[in-house]
Amino acid sequence: MALRLYNTLSRALEVFRPQDPQRVLIYGCGPTVYDFPHIGNYRTFVVYDLLHRYLEWLGYGVRFVTNLTDVDDKTIQGALREGVTIAEYTPRFAEAFLEDARTLGIRPADAYPRATHYVTAMVEFVRRLEEKGMAYQAEDGSVYFPIGRFPGYGKLSRVDLEGVKPGARVAVDEYGKDDVRDFALWKAARPEDEAAGAAWDSPWGRGRPGWHLECSVMSLSELGETLDIHLGGEDLIFPHHEDEIAQTEALTGKPFVRYWLHIKHLLLEGQKMSKSLGNTLTVRELLDRGFEPAAIRHQLLSAQYRKELNFTTAGLEASSRALQRLVDFEARLRETPSDPDAPPTALAALAQEALERFREGMDDDLNSPEAMAALFVFVHAVNGELDRAQGPISTADREGALSALSRMDEVLGLLELARQSRGVDPATAEWVEAKIRERTEARRRRDFSRADAIRAELHSRGIVLEDTPSGTRWKVVR
Ligand code: AMP
Ligand code: ZN
């Protein structure tokens, strides 16, 4: 079995083989920091995280880079509206992005390059393209990429270039181009750019980088000439990624990216989400409405990344219930009395089967709903076994089941978040369980005053106990 990923370049599922298994190089287009990222952006970023975690789970070393687009039309407009520079305008949104990412259990990237920190390298990139005859300055002062001179143009998006005829309408601020389809590498500064502090010196006069150039230069600087995987939302295939390929390959003469993965856009309550419809939703708005981060993450993973996903508040409630089952299951398993000499149970086989199914799901182009189904089938089956168990179960079986659970959660990242929002960090959980063992022992000795004292102590810390035929369970009451 091997991991297969759908490569937009070939339009096919391909077995994933990195250049160097010790160092898989991944670049994901990050947020434009002009506003708070919305829940759709986080579908994309949670999928980046899922891939990052799964590759590490499989034993690969990973270098994962995601950028912050802090200079483009939107950040400039935002800054101008407030009468500040982009340097003053963008940091709060960059911070918000990182904070929401932490909230959703997204593991940190190895680097978060910001476009404005790479302008010198961007100018150098364009200068070298110009030397190769792959960049020219037009009448309007901007520098363009001549797509007609790059034979592979269109190979990612399979765009019909004939459809865009020379002489067609030209963007109002772009004139003098050799071919209407050429895209800007470097944009001549307008007075607004100067006002927003978004203009730099260059051999072509004052100006600023084009958006596509930013990602090419940041990925080249941080990861080198050939990436293993490049990620982005589906809207970025054309022109953003097509243009990244053209300019980077024109410069290096090497393949730019081996696997291109694109994440389908999230729908919100059945609708396309957009600023103009006024129906964008942010992570912080969801938290304010009382939804827990783990439920948000769970719902974002509930469809495979190329399938349609409709995010709804009703779905979030179902996610919360699923997570409660998971948390209760872990607690129950931890508290189940065990004995090293107890006879073996079916738990070992169930754990192995669950891990195999989980891996099959993930190997199938990161099929997260299949992987989660493997986890929940396991929970159901083990609960059944524990219901049937008479007396303590085999210690090895119990530990094996707990470890299968945490192995699966290393990739999904659900239980760790669910525990946090229920106020139970692993150290507290361990302390509670030690107290419960002490109480069980006291009751066995018929030392009921000691047992009651322990129950009261736990209660004073917001923890309630529930005695069931299969042992004592506990819950945190908020
Ligand atoms: P932006 O901040 O607009 O540059 O977008 C950041 C990332 O989020 C890009 O990879 C986009 O493709 C992605 N994205 C934007 N809208 C959605 C959506 N509704 N669903 C999923 N991903 C999205
Ligand atoms: Zn990009």
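Start with the open sheet: three strands in the order β12-β11-β13, with mixed pairing (strands are DSSP E runs of at least two residues, numbered from the N terminus; two strands pair if DSSP finds at least two bridges between them). β12 (271-272) and β13 (310-311) are the edge strands, each with a single partner, so one side of each has no neighbour in the sheet. Select β11 (residues 267-268) with β12: the two run antiparallel, joined by two bridges. Leu267 sits opposite Lys272 in β12.

A word on the ground rules: this is a predicted model, where local features need pLDDT of at least 70 and side-chain atom pairs pLDDT 80 or more, while totals for chains, interfaces and linings use all residues. Residues count from 1 along each chain as written, chains are lettered from A and ligands numbered from 1 in written order, and side-chain values use heavy atoms, without hydrogens and water.

Now pick ligand 1 and show the 17 residues around it; Thr32, Gly40, Thr44, Asp235 and Leu266 come nearest (near is a heavy atom within 4 Å). α1 (39-57) and β9 (227-233) each supply at least two residues of this shell, and α1 gives the most, with five.

Terms used. Helices (H or I, at least four residues) and strands (E, at least two) are DSSP runs, numbered from the N terminus.
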